[in-house]
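I am keeping these notes for a reader who meets this structure for the first time. The entries follow the order in which I looked things up.

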Amino acid sequence: MKEILNKINGPADLKGLSKQEKEQLAQEIREEIIETVSKTGGHLASNLGVVELTIALHSVFNSPTDKLIWDVGHQAYVHKLLTGRREQFKTLRTMNGLAGFPKTSESEHDVFNTGHSSTSISVALGMARARDLKKEDHSVIAIIGDGALTGGMALEALNDAGNSRTRLIVVLNDNTMSISKNVGGLSNFLSKLRSRKIYTRPSIYVRDKIAKIPKFGNWVIKWVRRMKDSIKQLILPNMFFEDLGFTYLGPVNGHNEQDLEDMLKRAKGYDSPVLIHVLTKKGKGYAPAEENPGKFHGVSSFDPKTGKSRKEKKTDYSAVFGEELVKLAKENDKIVAVTAAMRDGTGLKPFEEQFPDRFFDVGIAEQHAISLCAGMAKEGMIPVVPIYSSFYQRAYDQVIHDICIQSLPVVLCVDRAGIVGNDGETHQGLLDLAFFNLVPNLTIMAPKDFEELRQMLRFAVQFNKPVVIRYPRGGESESKFQKHEPIRWGKTEKLEDGKDLTILAIGKMVAKAMGIRAILSERGIQAEVINTRFLKPFDEETLVQSIQKTRKSSYD
Ligand SMILES: Cc1ncc(C[n+]2csc(CCOP(=O)(O)OP(=O)(O)O)c2C)c(N)n1
């Protein structure tokens with residue numbers, strides 16, 4: 001029963017393992033991850049894809065002296081298992097348990113917190129530059145997926161790193177998938193590279209013989225390798241990464257641990273930026289995830305035998321948004337939809353199926369998504385762009401500079417607003433109301449239920465000005481609202497009359513306000529409940545009228 005994994009208390013324990021033992025370890029890690037994630041939920045397919053890669057990284061490098069920075073960080077479960085956190089692994093993504101992403105507070109081996117995509121190369125370059133200034137001598141390695149590489153920051157960092165000639169290793173984990181299929185020109189370029197001959201280990205026999213030549217052996221091996229790399233660069237001049245200033249190594253089979261180790265050792269010997277192109281299969285080793293890697297990217301609890309979810313799928317706000325948008329788009333051919341690599345999560349799949357020409361997946365590129373919408377709006381389209389609240393943080397300036405100052409009609413849908421649960425602090429949608437509230441010319445709405453989301457979307461696509469609609473993760477409250485007044489710009493909806501106090505609520509909190517009203521009324525207190533609907537503009541007039549009547553507010 002997990003003989004090898006049981007003996008791993010830290011990366012040092014990997015060093016003495018044979019090839020066969022590492023293969024067995026990979027198998028045991030996969031079993032452990034499937035067992036745990038089938039209970040806790042989490043990022044299954046991405047982790048199954050990096051098992052051999054993580055073993056190789058911890059075999060070749062000396063963490064935490066050598067720094068491993070995991071992009072997004074959703075694929076760091078194997079890293080957690082190999083760095084002394086096996087015991088706590090069953091608490092993954094639970095209250096006070098192990099985080100689903102790297103956390104510096106959790107382990108010295110998590111050298112940087114991640115969660116939002118495409119930051120790893122910038123951070124690694126920063127650490128490498130600090131290392132050089134401090135005259136230290138360790139490796140810094142960014143591990144980034146082909147999806148995360150589509151993010152602007154990753155490209156900005158490659159641009160800087162390549163030119164700087166700083167010693168740095170970028171491991172590109174290419175599984176051809178973002179959450180769904182990866183998109184874009186870069187992805188097409190990677191597929192050309194993938195078709196090249198896969199790297200395999202040179203003859204160990206010959207290498208060992210040369211290595212034994214006194215004094216010069218190792219030098220000869222390094223020299224031969226560099227000659228080979230340079231010749232390769234001469235033959236293949238149009239290499240994007242090499243033109244940027246990186247040495248490109250690969251492609252290498254990401255499920256052959258020994259080849260990976262060999263390649264990593266080679267990269268370690270360079271004193272300039274190196275990119276290793278690793279080919280992996282998302283979901284590797286678990287048939288349901290291999291067959292459907294998008295579905296198994298992030299899962300709730302499931303039956304490990306069948307791969308079937310244990311949770312019944314209920315209608316959520318994203319699905320309602322997606323269905324309504326399809327209806328509206330049938331009526332108005334100016335409506336277009338944009339996503340930053342989150343087609344499924346934001347409910348846009350039916351839209352893509354019905355209107356493939358009016359659907360744009362731009363990759364993990366929230367900033368670009370927003371400015372793209374601005375351009376389309378300027379030319380008469382009505383762009384609708386759902387992005388999760390925490391990822392909107394990325395595109396704040398674009399919302400201000402490209403949309404709102406010019407008052408362009410873009411419908412900014414803020415999905416997963418509020419508390420989102422077990423993905424941890426980086427993914428909570430807590431700031432959008434505060435930061436959008438400061439933006440000029442922006443109307444902000446939040447629906448109390450599904451029906452009001454439909455109403456608001458209909459209102460927004462004909463409003464002809466920038467507008468935010470924010471809605472939470474999951475479904476509406478159990479108790480249904482009967483009342484749905486037409487939406488009037490900046491106007492509230494009074495749900496219940498009362499004389500003792502006024503409760504003002506917006507979005508999901510309206511259902512809570514109704515619950516509180518019921519409790520108060522059992523005690524003889526009659527609360528007036530106002531559904532604010534708009535945070536901006538704020539309907540002060542109605543509020544003042546109500547408070548003058550009830551004389552008290554809910555804050556008393
Ligand atoms: C800024 C930002 N936008 C969106 C996401 C949601 N997200 C998490 S993982 C992921 C796909 C990552 O693909 P890739 O880097 O190729 O990793 P893989 O899961 O395929 O290993 C996305 C879009 C995010 N974490 N950060």
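I began with F321, which I found in helix α13 (residues 317–331); helices here are DSSP runs of H or I with at least four residues, strands are runs of E with at least two, and both are numbered from the N terminus. I note that residues are numbered from 1 along each chain as its sequence is written. I also note that this is a predicted model, in which local features need pLDDT of at least 70 and side-chain atom pairs count only at pLDDT 80 or more, while totals for chains, interfaces and linings use all residues.

Is F321 buried or exposed? I recorded it as buried, because F321 has 26 C-beta neighbours inside 10 Å (buried takes 20 or more other C-beta atoms within 10 Å, exposed 12 or fewer, partly exposed in between, with C-beta atoms placed from the backbone). Leaving aside neighbours within four places in sequence, I listed G347, P386, C413, L453 and L457 as contacts of F321, a contact being two residues whose C-beta atoms, placed from the backbone, lie within 7 Å. I also looked up R454, which is 133 residues from F321 in sequence, with 6.9 Å between their C-alpha atoms.

Next I turned to helix α17 (residues 396–404), where Q398, V399, D402, I403 and C404 are buried. These residues lie on the same side of α17, because they cover an arc of only 150° around the axis, the arc being that of the directions from the helix axis to the C-beta atoms. Among what covers them I noted α15 (366–378) and β9 (411–415).

I then looked up the domains, whose bounds come from an automatic or database domain assignment: domain 1 (5–291), domain 2 (317–470) and domain 3 (493–550). The C-alpha centres of domain 1 and domain 2 lie 34 Å apart, and their contact takes 19 residues from domain 1 and 16 residues from domain 2.

Where does the ligand lie? I placed it between domain 1 and domain 2, because both give residues to the shell around it. Of the 24 residues around the ligand, I wrote down S46, S117, G145, G147 and A148 as those that come nearest (a residue is near if its C-beta atom, placed from the backbone, lies within 6 Å of the molecule).

Last, I looked at the whole protein, which has 21 helices and 15 strands, and in which buried residues make up 48% of the 556 residues.
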